[in-house]
Amino acid sequence: MKIRNKYTAIIGSSLLLAFSSCDSFLDVNENPNNPEDAPISGLMTNSTFETALNVQRAGSATSNFVQYLASPNPSGGSDVMDRLDYSTTWFNFYNVMTDVNEIIRKSEESGANHYLGAGQVLMALNLGMTVDLFGDVPFSQSFNFETVTPSYDDDQILYDQIISLLDQGITNLQSESSISIGGDDFIFQGDITAWIKFANTLKARFLIHTKSTSGYSAAAVLQAVDGGFTSNADDAVVEFFEQRFNPWAQVAINNENLLLGGWISEQFIQALDGTTYPVVDPRLPLMVGTTDDGEFIGTVNGEGRGDAPEQGARSTLVPGQFYTSEQSPVLIATYAELKFIEAEAALETNPARAYAAYLAGIGAHMDMLEVDEAAKNAYLAHPTVSMGAENLTLADIMKEKWVALFLHPETWNDARRFDYGYKDMTLPVNLNPDLNNQFIRRLAYPDSEISRNGNNVPEVTLLDRIWWNQ
Amino acid sequence: MRKSYKFALSLLVTLLTCSQLYAQITVTGKVTSQEDGLPLPGVSILLEGSSVGTVTDINGMYSISVPNSESTLVFSFIGFESKSIVVGNTTTHNVTMGQSLSQLDEVIVTAFGISQEKKSLGYAAQSIDAEAITKSRQPNLVNSLQGQVAGVQVTNSGGAPGQSARIIIRGINSLDPSADNQPLFVVDGVPVDNSTVESSGTPRGMSNRIADINPNDIESMSILKGAAATALYGVRAANGAVIITTKKGKDGQIRVDFNSSLGFDKLVKKPRLQDQYGQGFSGVRDDSSFWPAWGANIAEENDPNYVYQDNWTRAFDTGMQVDNSLSVSGGNERATFYGSLGRLDQSGIIPFSDWQRTTAKLSGTITTSEKFNFSGSMNYSNSGGNRVPHDRFLERMMYWAETQDVRDYINPDGTMRSVGGNTNPIYDARFSTYEDDVNRIIGNLNFNYSPTKWLTFSYRVGLDNYTDSRTEITPGPMGIDGEQALSATGFIEETRIISRDLTSNFFITLKKQWNENWNTSLRVGNDIFQRQFDRVSLSGSNFVIPGFYNISNTTQVFASQGKSIRRLVGFYGDLMVDYKNFLFLNVTGRNDLSSTLPQGNNSFFYPSVNLSYAFSEQLSLPAWITFGKFRASVAQVGKDTNPHVLGATFVSPSVFPLNGQVGFSRNSVFGDPALRPELTTSYEFGTQLAFFNNRANLDVTYYKSNSKDQIIPVPISDATGFSSYITNAGEIENRGWEIVVGGTPIQQGDFRWDVTANLTTNRNEIKEIREGIDEIVVGSQFGYVGSTVTMILKEGQAYGNIYGSSYVRPGADPESDFLDRDLPILIGANGFPVRTGTQLVLGNAVPKLFGGIRNDFSYKGFELSFLVDFRSGVEQYSQFDNFLSAFGKQEASLARNDFRVFEGVLADGSQNTKEVWLGQGVGPDGVSYGAGYWRNYYRTTSENFVLDASFIKLRNITLAYSLQPEVIEKTPFRTARISVAANNIILYTPWDGFDPESFSAGAGGNAVGFTGLGFPGVQSVFFTLNLGL
């Protein structure tokens, strides 16, 4: 009977249709699955979450360059600095910037100055990371679908915009807002003071990159440092979730399940186990795993594991440590990093401030890892660590910053500025022959851009330096 | 009295419509079919030597005025032998017409279920009958077309019970990687759904929805190939159409038919494997190692606990299928009916895979008066089964140690017996269940009303409604110490799909025989279609109580929903002009309106013209030429897009909610708000010839089609704020030849031999993508360490090119995208081939040439038939091979302790002479070889795994015996037949692996070149009994 009713209905309606206009009958194309608009808070949730992941993704792309990690396979592409395809990384950066652009647009319309300010900080961070990896990138013609082939902006000009975005962000965060940020912000849960400190910390980070350029001012860096983080409690992090594990934890879990990854470079192991430096770093066992025999054995970048088996014979990331617990935070910017920036900026003008900041940086990182107090003090007391303000060198700062920023993409910026001058850091085995025995200086533009926007993509080699690294 | 009144009325009509007023005698009568005694409406009756004529009405009745008793009337009707009668002294002539046996008068069911004489068609069409459909006992109708029709490529996606099969007619017509390039399926004039909804997680080998139809209910299938044949179905038939006609009841006594068949499946083919090395690594035995086959030489170990288990044979079961169907049909001149029940039970070769189908069908026709008749049918089906995770099954077979019994998979406490930390594939297949349960109703009603002889109003309404309830369960830990669980948390997902198609079609047919030379028929109509689709999924993970599978027993619950609605309205006209029964002109036009396109651009018109010239009917030709015709057609067909793609939207990524927050992100797909319909233009020329009184025949067609203004998701710079822009861009061309050769080489006494062969070539070219856009990626499949392959579309290339890594070849053209395998390989200083990650075309996955040959022999009650089909010019990526070489399981890896000098040239151009060891660790020459050649070099290079996937198959061989009339008379039966058949026997293939026909994507996907770890193909044997009462 039901079916018959249906038929009757269809016959009736189709007869009716024959005489009525088709327009309303056909007007059923509004998307029932995806809304045409989204709340600003939802955009903030996704943007803060994805920004943290972008930091991790950039870290994952560069950790082999700075020899934190090494591939278990010989001639691993990242190990030997091959021209690799970073299409997914690129997509993720622009995906977040597109959403942040929406936050900025919406908050400008509604006077939500805190959202506006936070949006500008997030834009500065994501754009800054993109520029640091690739150099010239599209921005001025982006996000609003003006063209399907956006042109590329000069990286130096983009840097001015990054600093300007941070300054505007700070101003907006300091003003009244029509809507308050809350739990939708995965980084600070709406703590505006923390956002302002974060903006200053990022400003210090991006300004220190320009140290070798003519516009550099150490005073400007130190001024930003003064407005930045004041303790580990201020750190910009996203704590991960029961439903969604920390991505480094996932790498460690996958490695346990024989989807290999997260193998530690011999460079890193030897820098901390007393081989390269005369002091054994108490942080090592808190950061990486051991072999089945309880030893720390790294893998030589580019060499692969040889005939070592997949498990138990090399140090790898292992689940459950500070960086690799399921709900570990992903670190976006830390107090420890800021202290090393301060040390570097003050090194020439104010060695005492530099030295104090250097020690505070080490201490902050050790506190983060919950290093045993006695071990921490013993390490800090070692003469090669506490060499005194007058003996502190950039190399000392860079070495400790390298340890404290384990797996963080900022280290590659440091490494390039520092000409990969870490003690005993050698070129990987089987280095990409195109590099003429030099270290990589930038990422190749992604294949997706070359195939979709080829006429605008600059011609570069992996040795072409970006503007602040000339 | 009433009858004579009607006759008088017809007479009056005749008098009014015919201008010849000199008529003196009125002849009346009824025309019926010799086969079933049913009245034949539409038979044309012509007074010989004049232009006076009429046609029979819906009840087969006619009335015509003739000048005198010497007049001769000629009765002719499509598909029947013409008949002449002299009027003589009686004024009532009841005529029975016999169906024409000649293939030349073959009738093809075309658009809207209208039977048309093949002679009159200006385009190629081919049909297959009930016997050819059911002979191969394929549970899936699509499979029964395999190898039988020129231009039609049918591919089994795998050997799982109920698994989908893909059908492509005359090549792939869309650049959209997610487009459905398959034809429209039409059952009794009403389009039905043939989509394949794959599982969202690991592949499960789901069914294409045509599998819901019981093949035993099918009378015939015709394949309409080009746009010409399908202009009347509109946008949905842009890829061709398969017109299915179901069995109907016939006038006469009630018939009961019973079919029962029992079948067995087994693995048709497996890769060549080594059986000499067991668990361990570096040649060292280790009974708890992860490594399944890099260990010690089994013979040298000489230990009963370390023997080759032959798991690749023993892991698979013998599949079984039992198919029973019963039908009852009958009727009288007023009404007919057909009812059937069917039940199929199938179990697969991977343990715990099964599928069932129950069908019930009832159809009937009623003629209430000479002016009105109606018919209807209702088909109910219930199908579904347990779909094992076949991809994971084969992956876990890879990891499973060759010296450990894979069948020993469960401990007494119910936990898994695992080796080396590996999941047992059979344990996983048993407990990681995925069950679907589809309830479907397909119904249609047809009304025909003829107020006068030349005018008929027809209305057809159809419903195709199904619900698909799916439950996926992966158990979590049982809480027993030391167990290895399939999942750390356990997982359950409930999916509910509701899909409803409604079709309404109203048309008016006007027929007029102007005189003995000119005959016309015009059809105009309106067609409305709506599809509503709604899918809701609810999943939970982390079971609180182990083994209690309910979403409320989980700690994390996610929900998702996807809905869509699509509406189409079409207006069409179809004019057929027939001159002297040898020249046929057919002009069609259709205007579609689609809800999926922007208003303003959503109305589009497309025409077609085709011409058929049966020259043998006009010219006097040598006697050995029985029949000859030329045909030509030009046609266009428009195409809309998927629902709900226009403009920009926001999405909530599936990871949310997190901490009670739901995030949103702008959708990376942007649909052009000014989207236009795409347009396919196709040309077709052909000839049909028959010789020696139809003992031999030939049909040749050339086709070419260009699809322009394609609606495709163009990949655009992510920096625009979107990654994909759905717009009009690009053009794709398909062209080729279709040849059908057939005949009856021997017909002597009771012996008869019939043969038909078909051959198809297809050349495809991507003519254009869009300015500034170089490529579109269709899909990719994983390979170890840089051997992942990708199917990419590029301008100037053919659809289906597979890109991947290869060995460096000095002298290769650096500009070329194509690997030249003939050039020598570069050998490195270490003595091993040098690989490059630069992506080159390693092969193409679309066959360039395919076809089949069918032979039928009959002698008295015996019939023997076999169908051989083949495909060539096709390469596929063998993920199996890639995995096998990673784990030391393929036969070639027996060379693991050999020394070898790789053939190739050194960087300086000289021939390589360096000898290297292929093993793992430090070789006898003191050099360390790491993980060895197979893992370090061989498995890393895609070109080793993109291989020729041609085959020649014995698709079906059947031997049958029917009881002869003299015997059957002594039984209560009308017919009795027993047969034995075998399917899918590979006669030849260079492919080393499972059946090369299986592929990963399922019927709905276009990434056909990836065989993945799909459900292996099977070969089957069937025993069938058919009884008729």
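Visitor: What is the handedness of the crossing of α5(A) and α6(A)?

Guide: This is a predicted model, and in it the crossing of α5(A) and α6(A) is left-handed.

Visitor: How should the packing of such a pair be read?

Guide: Two packed helices are described by the angle between their axes and the distance between the axes. Here, helix α5 of chain A covers residues 113–134 and helix α6 of chain A covers residues 155–174; their axes cross at roughly 155° and come within 8 Å. Angles over 145 degrees count as roughly antiparallel, and therefore α5(A) is roughly antiparallel to α6(A).

Visitor: Which residues make the contact of α5(A) and α6(A)?

Guide: From α5(A), they include Leu116(A), Gly117(A), Gln120(A), Ala124(A), Leu127(A) and Val131(A). From α6(A), Leu158(A), Ile162(A), Leu165(A), Gly169(A) and Leu173(A) are among them. By class, the contact of α5(A) with α6(A) has 14 nonpolar, eight polar and one charged residues.

Visitor: At what angle do α3(A) and α4(A) pack, and how far apart are their axes?

Guide: The angle is about 150°, and the axes of α3(A) and α4(A) are 9 Å apart. That makes α3(A) roughly antiparallel to α4(A). The crossing of α3(A) and α4(A) is left-handed.

Visitor: Which residues make the contact of α3(A) with α4(A), and how do they divide by class?

Guide: On α3(A), the contact includes Leu43(A), Ser47(A), Glu50(A), Asn54(A) and Arg57(A). On α4(A), Asn92(A), Val96(A), Asp99(A), Ile103(A) and Lys106(A) are among the residues involved. The division for α3(A) with α4(A) is nine nonpolar, eight polar and five charged.

Visitor: Turning to the two chains, how many residues does each give to the contact?

Guide: Chain A gives 63 residues and chain B gives 62 residues. On the side of chain A that touches chain B, the elements giving two or more residues are α1 (2–19), α2 (23–26), α3 (40–62), α4 (87–110) and α17 (447–453). Of these, α1(A) gives the most, with eight residues. By class, that side of chain A has 28 nonpolar, 23 polar and twelve charged residues.

Visitor: What are the domains of chain B?

Guide: The domain assignment gives domain 1 (2–101), domain 2 (131–268 + 375–389 + 452–617 + 625–762 + 847–876 + 951–1028), domain 3 (276–309 + 390–428) and domain 4 (775–845 + 879–944). The centres of domain 1 and domain 2 of chain B, taken over C-alpha atoms, are separated by 42 Å.

Visitor: How should confidence be taken into account?

Guide: Where pLDDT is low, the predicted coordinates should not be read in detail. In chain B, pLDDT stays under 50 over residues 1–5, for which the model has zero contacts beyond four places in sequence. Over residues 7–23 of chain B, pLDDT also stays under 50, and the model has 16 contacts beyond four places in sequence for this stretch.

Visitor: What are the mean pLDDT of chain B and the scores of the model?

Guide: Chain B has a mean pLDDT of 89, with 96% of its residues reaching 70 or more. The model scores ipTM 0.91 and pTM 0.84.

Definitions and conventions:
Residues numbered from 1 in each chain as written. Chains lettered and ligands numbered in written order. Predicted model: local features only at pLDDT ≥ 70, side-chain atom pairs only at ≥ 80, totals over all residues. Contact = placed C-beta atoms within 7 Å. Helix = DSSP H or I, 4+ residues; strand = E, 2+ residues; numbered from the N terminus. Nonpolar A, V, L, I, M, F, W, Y, C, P; charged D, E, K, R; others polar. Domains from an automatic or database assignment. pLDDT = per-residue confidence, 0-100. Axes fitted to C-alpha atoms, helices over the stretch in contact; angles between N-to-C directions. Parallel < 35°, antiparallel > 145°, perpendicular 65-115°, else oblique. Left-handed = near helix turned anticlockwise from the far one by under 90°.
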